[in-house]
Number of protein chains: 2
Amino acid sequence: MSIRDNVRKMKEVSPTVASLGVDIRNSALKAIAASLSSHSEEIFAANREDLARADADGIADSVKKRLKFDEHKLSDCLAGIDSLLSIPDPTGKVTLKRELDEGLVLERVTVPIGVIGIIFEARPDALVQISCLCIKSGNCAVLKGGRETASTNKVLFDLIRDAAASAGIPAESLLQASAHSEIDELLECDDCVDLVIPRGSNSFVRYIMDHTKIPVMGHSDGICHTYVDQYADQELAVPILIDAKTQYTAACNATETLLVHRAIGASFLPKAAKALAENGVKLRGTEEAAAILRDAGFGKEAPAALSQIAGDDVMGEDDFRKEYLDLVLSVKLVGSVDEAAAHINRFGSHHTDCIITEDDAAADRFMTLVDSAGVYRNCSTRFADGFRYGFGAEVGISTSKIHARGPVGLEGLVTYKYRLYGHGQIVGDYASGKKAFHFRNLL
Amino acid sequence: MSIRDNVRKMKEVSPTVASLGVDIRNSALKAIAASLSSHSEEIFAANREDLARADADGIADSVKKRLKFDEHKLSDCLAGIDSLLSIPDPTGKVTLKRELDEGLVLERVTVPIGVIGIIFEARPDALVQISCLCIKSGNCAVLKGGRETASTNKVLFDLIRDAAASAGIPAESLLQASAHSEIDELLECDDCVDLVIPRGSNSFVRYIMDHTKIPVMGHSDGICHTYVDQYADQELAVPILIDAKTQYTAACNATETLLVHRAIGASFLPKAAKALAENGVKLRGTEEAAAILRDAGFGKEAPAALSQIAGDDVMGEDDFRKEYLDLVLSVKLVGSVDEAAAHINRFGSHHTDCIITEDDAAADRFMTLVDSAGVYRNCSTRFADGFRYGFGAEVGISTSKIHARGPVGLEGLVTYKYRLYGHGQIVGDYASGKKAFHFRNLL
């Protein structure tokens with residue numbers, strides 16, 4: 001059966017799936033956890049096939065690390081399911097209840113979005129996490145994982161779908177796409193799919209956005225900033241900066257640009273440069289930043305990591321739009337909080353940006369002016385993550401401003417509907433003035 | 001200056017606009033109300049120019065009625081501004097506050113979306129309503145109204161922008177586009193515009209969706225249903241149906257299809273047909289519906305309004321996708337609530353659909369299964385409207401499931417950001433197990 005036929009069936013079954021109680025959805029999660037546990041050897045065997053193929057194909061070690069699905073990853077997955085079980089049902093919440101007039105009551109209630117397509121990277125744990133988030137939130141899902149994990153994903157998906165079905169979730173509500181060509185087929189189902197969530201490289205996310213009429217929730221870039229203010233505690237700033245840049249360079253929430261207030265440039269920049277160099281970070285900066293470092297003794301004769309900033313490679317404006325995902329950091333001096341915010345709003349990706357300062361007014365101004373999903377004070381940009389926010393898990397991090405922003409957990413997978421309960425009320429009576437609304441909130 | 005240049009400036013000023021307190025925004029609304037009042041003659045004179053041009057161009061009366069801006073429309077606008085003043089600030093609301101760990105506090109706070117482009121029909125009152133909604137919610141707006149109201153809009157817009165500026169709202173935060181070609185220019189500004197809201201015909205909204213990468217909030221169709229259940233109070237059903245179909249046929253929330261439970265087909269359908277005919281409504285239906293009416297004495301010799309249903313024009317499936325916006329109603333019989341819901345989900349536009357029933361279980365089932373922004377019981381579908389929901393005003397009605405659904409007032413014009421307050425926390429400490437999150441909700 002084609003993707004389109006499957007997705008049409010899924011669309012038809014989605015209201016029924018949405019009508020199932022949270023008890024059934026939680027039972028499904030428990031059944032999934034039990035099934036993954038009892039079939040662990042089968043999963044690991046499939047994963048060994050994927051790993052062997054990765055070896056044969058000369059796949060990079062960093063990718064293989066993510067491909068690998070062992071006892072440790074399984075136990076993380078099971079802990080994630082446990083945590084999802086403890087999170088309240090995101091659907092059925094009445095968020096507005098208003099008597100419009102005598103006997104005419106309006107309610108706004110959260111409901112599943114419906115049919116969601118999720119295209120994600122080659123990580124078997126992502127398949128488990130994403131399908132469980134969709135089940136818990138009452139959604140149907142089309143899942144397409146990276147081809148490098150095809151064998152593991154097939155085993156995992158079959159176990160998940162069968163366990164969910166045994167608990168009463170219609171089997172049509174979950175579908176795994178495996179061929180790459182099926183992505184394009186999925187993107188054309190704008191009459192059946194309510195939301196697409198692509199995870200992966202920037203160019204991939206942009207491709208999805210450019211090739212579908214389905215609303216897309218994704219993030220395009222992760223150009224995060226750490227701004228060290230004039231009133232920063234510099235002893236606090238250095239370890240935060242090191243963590244934000246180096247704790248996991250390939251993450252979208254890693255800091256790519258360091259902004260420093262001009263008033264503390266000469267005192268802070270050399271200190272930061274030394275610590276960054278010791279952590280293997282290469283700096284690239286404006287001529288002004290380079291001059292400060294040259295004056296402080298860095299330069300062509302300095303450690304290689306810093307040679308670039310010493311005048312060989314002064315950055316142009318557009319260089320600040322670069323997402324390194326590597327041990328490289330852009331550096332620039334600014335004259336005020338407002339200038340820092342303006343730089344971030346112009347060159348950043350509206351993901352996560354931090355101010356290091358002891359000055360409350362500066363922090364407040366920065367956090368108000370910076371137009372990003374996450375605005376931080378005195379901590380690492382690396383905290384931008386659904387698990388670290390206490391959401392249990394995330395389907396992704398949104399840099400869009402519409403619908404959901406930042407790490408997206410269960411709440412981003414629901415929408416709402418309005419229910420209006422009447423006793424024969426007609427609009428004509430209100431238009432003629434025979435009756436009038438009185439709008440009384442009941443909640 | 002081109003639209004692009006203006007919009008780029010608007011984007012730059014938008015964080016400042018978002019940082020203004022609600023006092024300034026409310027002062028701006030008061031200044032606008034005062035200015036519109038004191039310049040009413042100027043506005044009416046401009047409107048007379050538009051009306052004269054409409055006469056010369058042979059514009060339809062129904063359009064001219066919407067073009068006209070007189071004392072009555074002005075006083076409606078002023079009442080709308082008053083009502084907006086009384087609605088609490090939609091921004092700055094803390095909707096989540098959680099201690100992730102000792103001294104590491106996460107907040108989610110509502111903020112303006114930023115820059116919104118709104119393209120709307122030829123109605124001067126819409127210009128006032130939309131710009132005031134954007135000002136109240138701290139957003140910047142590019143406004144493009146119908147060309148038939150060019151003179152009135154120019155006067156209104158200048159008064160609004162100047163009054164807002166006098167209260168401290170940057171003049172760059174409001175822009176009026178006047179040439180049609182500027183719409184395409186606006187649609188290309190996906191790096192500066194956060195949301196586009198098109199209002200108008202289906203084909204126009206679809207054109208916008210197909211020609212921009214900016215997220216679009218709009219409604220594509222208004223195919224609303226009234227389902228008369230087996231356990232309906234038929235005396236209640238008839239006036240609801242008449243109101244839903246005829247109170248304002250050109251509205252998107254007017255009922256386009258009547259579904260009737262087969263068990264009451266013979267008793268209800270002739271009664272409904274008679275009342276509909278008396279209100280000038282033409283019926284189109286399935287052969288089954290036509291046969292019932294023929295048996296009841298309707299037919300070729302019956303009033304013209306009913307002739308079509310008598311077998312001359314039996315509907316095919318796709319006919320049920322038609323939005324008449326006229327005194328025409330599709331009719332079909334169904335065997336159950338589930339079948340009614342399935343028809344609505346398949347052929348409707350997920351706008352607003354109603355069940356008429358005295359049976360609580362049937363109502364609940366219908367309201368759960370029907371996947372629409374509004375699901376009603378025992379009242380007219382015409383209630384789907386921001387004013388009638390008590391939102392003060394609306395920028396439009398969304399049939400998308402993402403971000404905002406149904407009538408969209410101030411709440412649909414805000415998004416949120418996460419603020420994280422730390423004291424030097426780094427992710428490395430949590431990754432290594434030196435520290436652990438404890439997630440304590442403070443709200």
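**Close-up 1. Helix 2 and helix 5 of chain A are roughly antiparallel to each other.** In this predicted model, the axes of helix 2 (residues 22–38) and helix 5 (residues 71–86) of chain A come within 10 Å and cross at roughly 165°; because angles over 145 degrees count as roughly antiparallel, the two helices of chain A are described in that way. The crossing of helix 2 of chain A with helix 5 of chain A is left-handed.

**Close-up 2. Residues at the contact of helix 2 with helix 5 in chain A.** From helix 2 of chain A, the residues A:Asn26, A:Leu29, A:Ile32, A:Ala33, A:Leu36 and A:Ser37 take part, and they meet A:Leu74, A:Cys77, A:Leu78, A:Ile81, A:Leu84 and A:Leu85 of helix 5 of chain A. Sorted by class, this contact of helix 2 with helix 5 of chain A comprises 10 nonpolar and two polar residues, with no charged residues.

**Close-up 3. An open, parallel sheet of four strands in chain A.** The strands of this sheet in chain A follow the order 5-4-3-6, and their pairing is parallel. Strand 5 (174–177) and strand 6 (195–198) of chain A stand at the edges with a single partner strand each, so that one side of each is left without a neighbour in the sheet. From one strand to the next, the twist averages 15°. Strand 3 (residues 115–119) of chain A pairs with strand 6 of chain A in the parallel sense over four bridges, and A:Gly117 has A:Val196, in strand 6 of chain A, as its bridge partner.

**Close-up 4. The relation between chain A and chain B.** Chain A is superposed on chain B by a rotation of 180° with 0.0 Å of shift along its axis, at an RMSD of 0.1 Å, and the two copies are thus related as by a two-fold rotation axis. In chain A, the C-alpha nearest this axis belongs to A:His403 and lies 1.8 Å from it. Of the interface residues of chain A, 100% are also interface residues in chain B, so the copies meet through the same surface.

Technical notes: Residues are numbered from 1 along each chain as its sequence is written. Chains are lettered from A and ligands numbered from 1 in the order in which they are written. This is a predicted model: local features need pLDDT of at least 70, side-chain atom pairs count only at pLDDT 80 or more; totals for chains, interfaces and linings use all residues. Copies are superposed by least squares on the C-alpha atoms of residues with pLDDT of at least 70 in both. Two residues are in contact if their C-beta atoms, placed from the backbone, lie within 7 Å. Axes are lines fitted to C-alpha atoms, for helices over the stretch in contact, and angles run from 0 to 180 degrees between N-to-C directions. Angles under 35 degrees count as roughly parallel, over 145 as roughly antiparallel, 65 to 115 as roughly perpendicular and the rest as oblique. A crossing is left-handed if the near helix is turned anticlockwise from the far one by less than a right angle, and right-handed if clockwise. Ala, Val, Leu, Ile, Met, Phe, Trp, Tyr, Cys and Pro count as nonpolar, Asp, Glu, Lys and Arg as charged, and the others, Gly among them, as polar. Two strands pair if DSSP finds at least two bridges between them.
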